[in-house]
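Have the sequence and the 3D view ready.

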Amino acid sequence: MAYKKIAISVSIPIAVAAILIVPWAPLHRTYAQSDIANTILKMHNDERNAVGSPALTWSDSLAADAKSWADHLVTLNQGKPIDTLTRSDIPHSKQGTHGENIAQRGAWGTGPVSPPSTASLVKGWIDEKPWRGGPLGQNDGDHYTQMVWKNTKEVGCAIATSNEKSSHGMAGVVAYLVCRYSPPGNIAGEEPY
């Protein structure tokens with residue numbers, strides 16, 4: 001009988017711990033995802049407001065699609081030195097039914113390295129605004145014009161990271177941000193806003 005008592009007293013704390021821990025994991029992921037969504041929506045909608053385009057709403061479906069592609073980019077580039085990645089290492093998907101922006105940035109050093117922030121990845125697209133006047137598809141502001149495209153209504157984005165090394169052997173991390181847009185923008189012959 002003493003053994004049953006011990007088994008029961010051990011089982012109760014384990015059961016309580018399981019009840020307290022299991023619900024926390026989804027809540028933690030939800031918070032992280034909403035933080036990314038809030039940052040991305042604010043930056044997009046600030047730019048859209050500045051040019052008179054209507055605000056975007058967040059799409060969990062587009063974000064799930066974006067996550068699949070971001071994870072694929074990590075797999076595609078695993079083991080490559082962070083500081084040697086080029087535009088050809090971050091290809092666009094061939095999905096075609098949505099617009100797509102991709103940003104990639106790495107950080108490395110001799111101490112602990114944090115991944116680039118969501119805001120810094122999106123800011124790279126905003127910084128293309130001065131080059132938006134050229135032909136579409138020439139990497140001259142296409143990311144920015146997709147952000148502010150007047151007919152686009154929804155955006156969904158995801159980030160995937162990978163711990164890698166630089167070509168000098170320093171530890172680092174590379175982050176891939178993929179955003180999907182519906183309906184797509186950057187349509188030849190049309191103005192973005």
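## A pair to start with

K123 and D127 are joined by a salt bridge, with 2.8 Å between their closest N and O atoms. The term salt bridge is used here when a side-chain nitrogen of Lys or Arg sits within 4 Å of a carboxyl oxygen of Asp or Glu.

How open are these two to the outside? K123 is partly exposed, at 43% relative accessibility, and D127 is partly exposed too, with a relative accessible area of 38%. For these labels, buried means under 20% relative accessible area, exposed means over 50%, and partly exposed is in between (1.4 Å probe, protein chains only).

## Where the model comes from

This is a predicted model, in which local features need pLDDT of at least 70 and side-chain atom pairs count only at pLDDT 80 or more, while totals for chains, interfaces and linings use all residues. Residues are numbered from 1 along each chain as its sequence is written, and side-chain values use heavy atoms, with hydrogens and water left out.

## The overall build

Now zoom out. The protein chain has 5 helices and 4 strands, and from the N terminus on they come in the order α-α-β-α-β-α-α-β-β. Both kinds of element are DSSP runs numbered from the N terminus: helices are H or I with at least four residues, strands are E with at least two.

Of the chain's 193 residues, 37% count as buried. Next come contacts, meaning heavy atoms within 4.5 Å. Among contacts with a separation of 6 or more, 72% link residues 24 or more positions apart.

What about the outside? The protein chain exposes about 11000 Å², and carbon and sulfur atoms supply 60% of that. Accessible areas come from the Shrake-Rupley method with a 1.4 Å probe, and for residues only the protein chains shown count as cover.

## More salt bridges

K42 counts as exposed at 53% relative accessibility, whereas D46 is partly exposed at 41%.

Then there's K80, whose side chain meets that of D89 in a salt bridge (3.0 Å, N to O). Is D89 buried or exposed? D89 is buried, with a relative accessible area of 12%, while K80 is partly exposed at 31% relative accessibility.
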